[in-house]
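Please read them with the structure open.

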Amino acid sequence: MIAKQQAFFVAASIQILVFACAGAPISLFNVYRAQDGLSHSDLGWVSLSYFIAAALALLVFGRLSNHLGRKPMAGAALLCVLLSCVTMIAMQNSLALLFARALQGFACGVAASSVGAYVTDLGSYRRKSWVALITSCAPMIGIPLGAVSSALLVNYAPAPKLLIYTLIATVAVMLLGLLLQCEETVQRKGNVCSALKPDFYMPKAALRPFATLSAVVVATWSIGGFYQAFGPEIVATALGSDNALISALAFSSVMVLTPLGGALAGRFVAQRAIGVAMLILVTALMVIACALYFGWLEVFLAASLSVGIAQGVASSAGMSVLIADISREHRAGMLASVYMVSYLGAVLPALIASIAANYVGVFTLFCGYAVLAGIAALIALLSSTLHSVNRAEPSKPT
């Protein structure tokens, strides 16, 4: 049996690998477009299938680990990763790619809720900032890792469409073996069907921090969804490069410094950190719009990196406040609620963008995304400010 300390890293690694698998195809989108005849609209719908499957997993299966256990759900996520890798290796058309992305989305939904709850359970002996960092930033660690690794193989290795998925599948098998030796952290209980009923756990005390965090994730995940669907298109048309590594770096730039932002969040008061981060986000989005309009690659990358830092600070600070007093049995449900809002913040704009991509260019699409993100960032700023003021007010005498 693996010790609890080591099991924490196994669970965290599973969560990161699942998102790395989701990031791997993004650097290959231009390859699929050139070799398999996929259109920009096809890629938009493929990305949409990923988000819908993730949202479905969160909505229906988010609390299932409370009944079946954390380990079986973590194992299910790894099996989805393996099946998606096999499908991607054998892919010959957009339908297979759509199915594989749906599997990856489903695995990410399970990882965000059940595996995230497992990480929280096993990390109870650690500082809360560490647990908040993993649970809030795992997608921003894993997805860029998968995208950049895939791009390196596209540029410098043979058979890139085969090699990246073989490597991911190998790591998934290794983690599955380690998972079997980890301890379970919840007691299995009956009435599994009740766990499949869509439900959101939300105590009254958590409403305001949840509202703040929801606005944060809508602001940041919507932009991440744009980069995921149209990152290669941005680099190819707006920034004038067809290099797969540059495409991966452009896509990853909006996420890669998120863990750094998450680490910085623990050094400041949460409400103040959220407010500053949202101001940085809005400023960065305006700079990105200018960079796309004028074709400034370096400015685009620098501003995108700023978005990642802002996302890490705001998400980690918001998550640390939200999960501070949540009991073990409610952790999966709470995380499912957070990530459900996150994926909806990516799904709805992606649906509109997939249709609009047939009629407008990436610059116009980004401006639409930037307006949405700016409104959500303003709501997060106001909500965090109000929460800070309410906490600072002295209690009234009775």
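**Notes on the predicted model**

1. Start with the largest cavity. Its lining is made of 14 residues. Nearest its centre lie F51, I143, W221, Q228 and M255. Bear in mind that this is a predicted model.

2. Which elements give two or more residues to this lining? They are helix 3 (40-61), helix 7 (128-156) and helix 10 (207-238). Helix 10 gives the most, with 5 residues.

3. The lining of the largest cavity has no charged residues. It divides into 9 nonpolar and 5 polar residues. The volume of this cavity is about 110 Å³. In total, the count comes to 6 cavities of 30 Å³ or more.

4. Next, the charged pairs. Side chains of opposite charge can pair when their charged atoms come close. How many salt bridges does a search of the whole structure find? The search finds 1. R70 forms a salt bridge with D121, and their closest N and O atoms are 2.8 Å apart.

5. This pair links distant parts of the chain. R70 belongs to helix 5 (residues 70-89), while D121 belongs to helix 6 (residues 94-122). The two are 51 residues apart. Are R70 and D121 buried or exposed? Both R70 and D121 are buried.

6. Helix 5 also holds A76. The relative accessible area of A76 is 27%. Buried means under 20% and exposed means over 50%, so A76 counts as partly exposed. A76 and A107 are 31 residues apart along the chain, yet 7.6 Å separates their C-alpha atoms.

7. Now helix 8 (residues 160-179), and a check on its length. How far apart should its ends be? With 20 residues, at 1.5 Å a residue, helix 8 should span 28 Å. The C-alpha atoms at its ends are 29 Å apart, which agrees.

8. Which residues of helix 8 are buried? They are P160, I164, Y165, I168, A169, A172, L175 and L179. These residues cover an arc of only 150° around the axis, so they sit on the same side of helix 8.

9. Turn to the other face of helix 8, the one pointing away from the buried side. V173 and M174 are the exposed residues carried there.

Technical notes:
Residues numbered from 1 in each chain as written. Predicted model: local features only at pLDDT ≥ 70, side-chain atom pairs only at ≥ 80, totals over all residues. Heavy atoms only, no water. Helix = DSSP H or I, 4+ residues; strand = E, 2+ residues; numbered from the N terminus. Expected span 1.5 Å × (residues − 1). Buried < 20%, exposed > 50% of the residue type's maximum accessible area, 1.4 Å probe, protein only. Arc of directions from axis to C-beta. 1 Å grid on protein atoms, 1.4 Å probe; cavity = no way out; pocket = protein on both sides within 12 Å on 5 of 7 lines; lining within 4 Å. Points joined across faces, edges and corners; volume = space filled by probe spheres on them. Nonpolar A, V, L, I, M, F, W, Y, C, P; charged D, E, K, R; others polar. Salt bridge = Lys/Arg side-chain N within 4 Å of Asp/Glu carboxyl O.
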